[in-house]
Amino acid sequence: KDVTLFDLLTAFKSVLDNMPKESIHEVGDVGATIDEQIALLLGLVQKKERVLFSDVMKNIKERMTIVVTFIAILELIRTHRIVVQQTSLFGEIYICRR
């Protein structure tokens, strides 16, 4: 089934909720750009036909990089370079190549 924006936001919130809480935050470089994360995501779906959203996000340690990666996913969906799908209601979300 196709994934709705609500499904993606729910998965995104879950990733952020499971991150360790930081009581102090220093402003600095984000560590990744949208273009870099787009390239990373496209590389992942070229190697495999589909990858789990949760697998992509669990390897990222910084909250801002997770946000940048999520924006990259939205941009790739908008430009029709990837699709996101679920196998069942509340199931895992897959990022798939077009």
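Is K58 exposed or buried? At 53% relative accessibility, K58 counts as exposed; the cut-offs are over 50% relative accessible area for exposed, under 20% for buried, and in between for partly exposed (1.4 Å probe, protein chains only). The model is predicted, so local features need pLDDT of at least 70 and side-chain atom pairs count only at pLDDT 80 or more, while totals for chains, interfaces and linings use all residues. Residues are numbered from 1 along each chain as its sequence is written, and side-chain values use heavy atoms, with hydrogens and water left out.

View 1. D55 is partly exposed, at 32% relative accessibility. An α-helix has 3.6 residues a turn, so residues three or four places apart point the same way.

View 2. R78 counts as exposed at 56% relative accessibility, and E75 as partly exposed at 26%. The structure holds three salt bridges; one of them links D17 to K13, with the closest N and O atoms 2.6 Å apart. D17 and K13 lie four residues apart in helix α1.

**View 3. Three strands make an open sheet in the order β1-β3-β2.** Strands (E, at least two residues) and helices (H or I, at least four) are DSSP runs numbered from the N terminus, and two strands pair if DSSP finds at least two bridges between them. The pairing is antiparallel. β1 (50-52) and β2 stand at the edges with a single partner strand each, so one side of each has no neighbour in the sheet. From one strand to the next the twist averages 30°. Helix α4 packs on the sheet, touching β2 and β3, and its direction makes about 105° with that of β2. For these angles, axes are lines fitted to C-alpha atoms, for helices over the stretch in contact, and angles run from 0 to 180 degrees between N-to-C directions.

**View 4. Strands β2 (residues 82-86) and β3 (residues 93-97) form a hairpin.** Five bridges join the two strands, and V83 has C96 as its bridge partner in β3. Six residues lie between the strands, and F90 in this hairpin takes a positive phi near 65°. Four of the five residues of β2 are buried.

**View 5. T69 is a buried residue of helix α4 (residues 63-78).** Its relative accessible area is 0%. Beyond its neighbours within four places in sequence, T69 is in contact (heavy atoms within 4.5 Å) with Q37, L41, V56, M57 and I60. Elements covering the buried residues of α4 include α1, α2, α3, β2 and β3.

**View 6. The largest nonpolar core has 24 residues.** Such a core is a set of buried Ala, Val, Leu, Ile, Met, Phe, Trp, Tyr and Cys residues joined through side-chain atoms within 4.5 Å. F53, M57, I66, I73 and I95 have the most contacts inside this core. At least two core residues come from each of α1, α2 (34-47), α3, α4, β2 and β3.

Notes: Salt bridge = Lys/Arg side-chain N within 4 Å of Asp/Glu carboxyl O.
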